[in-house]
Amino acid sequence: MRVEPGFLILVGVAILAALLLKSRCERLRIPPLVSYLLLGVALRILHDRWGLLDDHARWGLGFLAEVGVFCLLFRVGLECNPGALLRQLRPVIPVWVADVLTSAVLGYLAARYLLGLDLGAALAVSTALSATSLGVSVVVWEETGRLRSRLGERLIDLAELDDLSAIALLSLLLAALPYLGGPLPAGVEDGLGRVLLERGGALALKAALLGSLIYLLSRFALEPMTRFLWVSERAPDPLVSVVAIGLVVAAVSDALGLSLAVGALFAGLGFGSLGRRVEDEASFLALYDLFTPFFFLGIGVQFNPTLVLECAGWGALLLVAALLGKLLGAGLPFLALEDRHSALLVGVSMLPRAEIALVVAQTTREAGVLPESGFGGLVFVSASTCLLSPLLLQRLLRASPALDCEPGAPPPG
């Protein structure tokens with residue numbers, strides 16, 4: 001099948017626009033993903049007016065978006081250090097449980113009873129709002145030299161647990177999709193707990209098998225394999241080989257019904273010992289910067305501009321639930337570990353809903369569970385929290401001189 005020149009022009013222009021927007025957003029201290037979403041919405045408006053996207057173009061953009069999802073979740077896995085996380089887990093477990101439960105319950109109640117969504121859509125919103133995006137907040141913490149303080153390290157642990165639990169909830173939700181794609185058959189809603197338990201058990205078994213295989217490979221085969229790659233191949237070929245293996249793992253996960261996102265996360269975790277080495281590679285960063293904008297651009301393209309007023313109304317209600325979920329769920333429990341100002345810092349840092357939340361929104365929308373208005377509402381929440389959190393954090397961190405004296409904290413920047 002011959003690729004249309006128009007599509008190649010579209011991809012080239014999108015890449016150039018994404019890079020220019022990224023540079024501009026970094027100067028303004030705005031998360032680039034917001035500009036990628038707006039770029040996608042602009043493309044959708046142009047398509048509705050002049051029909052820019054035919055079936056081939058939509059398929060091509062969808063493929064690039066899938067690779068973008070892989071890059072996002074692969075990097076999340078690389079950034080997680082399971083060993084260090086387990087060693088420091090005990091203090092943040094109660095906060096994590098309260099955080100996820102509060103965010104998920106408030107999201108469910110808002111979607112189910114304020115917006116009137118059906119059970120499946122409400123669970124999709126609940127899952128999306130249980131996640132966070134530390135990447136948005138980390139920039140501000142790093143700029144002020146506070147990320148490696150005790151509070152910063154606890155925040156990283158909490159955010160990593162949030163991401164892992166959100167992916168687990170998404171996997172469980174996908175397993176229950178046959179019962180959540182519309183009105184439930186008579187009697188099913190009453191027995192949904194049993195259905196979820198059965199399907200969740202099967203899903204957990206598949207995840208355990210895949211996780212065990214990845215653990216064995218990382219434990220016994222990773223070191224000799226990477227030694228062979230770095231000795232026998234010239235840079236950047238070893239890095240490309242690592243990413244290729246990760247793609248295979250993600251595809252196998254998708255074939256098992258665990259989703260591409262779960263497989264990408266598992267693959268990143270499996271290559272955890274190479275995390276810093278891979279992330280620092282210019283070639284990986286180039287791949288990441290090339291493909292991840294297409295995921296957010298794809299989200300924007302699927303946003304229906306004619307529903308903007310309705311989506312803004314829904315989004316405002318969901319935004320209130322999203323803000324309260326993290327401020328109450330993460331901030332209040334942190335009072336048992338830190339002072340009030342530190343607890344507020346953690347709550348505000350957990351506000352952004354970006355990569356994982358949008359993966360949940362996209363996946364459940366494609367499955368026919370989340371309606372257009374709910375999808376648009378989550379896009380609104382993502383953009384709003386990603387803009388709001390850094391602005392609040394800058395003020396709060398400047399007023400936190402006590403953090404400078406904590407163990408492990410570098411001098412303020």
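## Burial and overall make-up

Of the 413 residues in the protein, 52% are buried, a term that stands for under 20% relative accessible area with a 1.4 Å probe and protein chains only. This is a predicted model, in which local features need pLDDT of at least 70 and side-chain atom pairs count only at pLDDT 80 or more, while totals for chains, interfaces and linings use all residues. Residues are numbered from 1 along each chain as its sequence is written, and side-chain values use heavy atoms, with hydrogens and water left out.

The protein has 17 helices and zero strands, where helices are DSSP runs of H or I with at least four residues and strands are runs of E with at least two, numbered from the N terminus. Among the contacts with a separation of 6 or more, 82% join residues 24 or more positions apart, a contact being heavy atoms within 4.5 Å.

A search of the whole structure finds one cavity of 30 Å³ or more, and the largest cavity has a volume of about 40 Å³. On a 1 Å grid over the protein atoms alone, a cavity is a set of points where a 1.4 Å probe fits but cannot get out, whereas a pocket is an open set with protein on both sides within 12 Å along at least five of seven lines; lining residues have an atom within 4 Å of a point.

Helix H1 (5-28) and helix H13 (282-301) each supply at least two residues of the lining of this largest cavity, and H13 gives the largest share, five residues. The lining includes Ala 14, Leu 19, Asp 289 and Phe 294.

## The second largest pocket

The second largest pocket has a volume of about 480 Å³ and is lined by 23 residues, of which Glu 66, Val 69, Gln 362, Thr 363 and Glu 366 lie nearest its centre. Helix H3 (55-79) provides the largest share of this lining, six residues, and H13 is one of the other helices that supply at least two.

## Aromatic pairs

The count comes to six aromatic pairs, where rings of Phe, Tyr and Trp (its six-membered ring) pair if their centres lie within 6.5 Å, and planes under 30 degrees apart count as stacked, over 60 as edge-to-face and the rest as tilted. The rings of Phe 70 and Phe 74 have centres 5.2 Å apart and planes at 20°, so this pair is stacked. Both residues lie in helix H3, four residues apart, about one turn of the helix.

Phe 295 and Phe 296 form an edge-to-face pair, 5.1 Å centre to centre with 65° between the planes, and together with Tyr 36 they form one aromatic cluster.

Key:
Points joined across faces, edges and corners; volume = space filled by probe spheres on them. Buried < 20%, exposed > 50% of the residue type's maximum accessible area, 1.4 Å probe, protein only.
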